[in-house]
Amino acid sequence: MITALDHIAIAVPDFEKAIKRFMEDFGLEFEGTEDVEAAKTSTAFFPLPPTSIELIHPLRGEGAVAGYLEKRGGGLHHLCFRSDDIEADIEHLKAKGYQFLADAPTPGAHNSKVIFIHPKSCDGVLIELNQPADEH
């Protein structure tokens, strides 16, 4: 079941500059960075309980986020909903006709399981489902 808005992801062309902006200009707590090899992204999190802001940047200039930045520049990339049973949520949404960008969840930041719903299924908005690891 969907339990919360996990995070709002912003694609940024200059990772270090964006991190500095959120820390220094907005005064947000910085949780740190993590490279997510499966998604070819570098991530930086700024918790704003009960949700957080995630900055995403292409890892080694590769992956879907690199294409997004080339096509659109920086900006809102996706909304992420937290799930307590991602497989059940996928099954439920597929039965309702939602299209996903993958056949099964993949590893995400903080050892979570993630999957994305195609924007065509959600009025043009990319939606991520995220089941956090037990330790996070």
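I take a polar contact to be a pair of N or O atoms within 3.5 Å; within protein, one must be able to donate a hydrogen and the other to accept it, and residues adjacent in sequence count only if both atoms are side-chain atoms. I am reading a predicted model, in which local features need pLDDT of at least 70, side-chain atom pairs count only at pLDDT 80 or more, and totals for chains, interfaces and linings use all residues. Residues are numbered from 1 along each chain as its sequence is written, and side-chain values use heavy atoms, with hydrogens and water left out.

**Entry 1: the ends of α1.** I looked up helix α1, residues 15-25; helices (H or I, at least four residues) and strands (E, at least two) are DSSP runs, numbered from the N terminus. D14 caps the N-terminal end of α1, with a side-chain oxygen 3.5 Å from the backbone nitrogen of E16. After α1 comes G27, which has a positive phi near 70°.

**Entry 2: the sides of α1.** I found F15, A18, I19 and F22 buried (under 20% relative accessible area; exposed is over 50%, partly exposed in between, with a 1.4 Å probe and protein chains only). These residues lie on the same side of α1, because they cover an arc of only 100° around the axis, taken from the directions from the helix axis to the C-beta atoms. On the other side, E16, K17, E24 and D25 are exposed. The cover over the buried residues includes β1, β2, β3 and β4.

**Entry 3: L79.** I located L79 in strand β5, residues 75-83. L79 is partly exposed, at 25% relative accessible area. Its contacts (heavy atoms within 4.5 Å) include V125 and L126.

Key:
Lists of a residue's contacts leave out its neighbours within four places in sequence.
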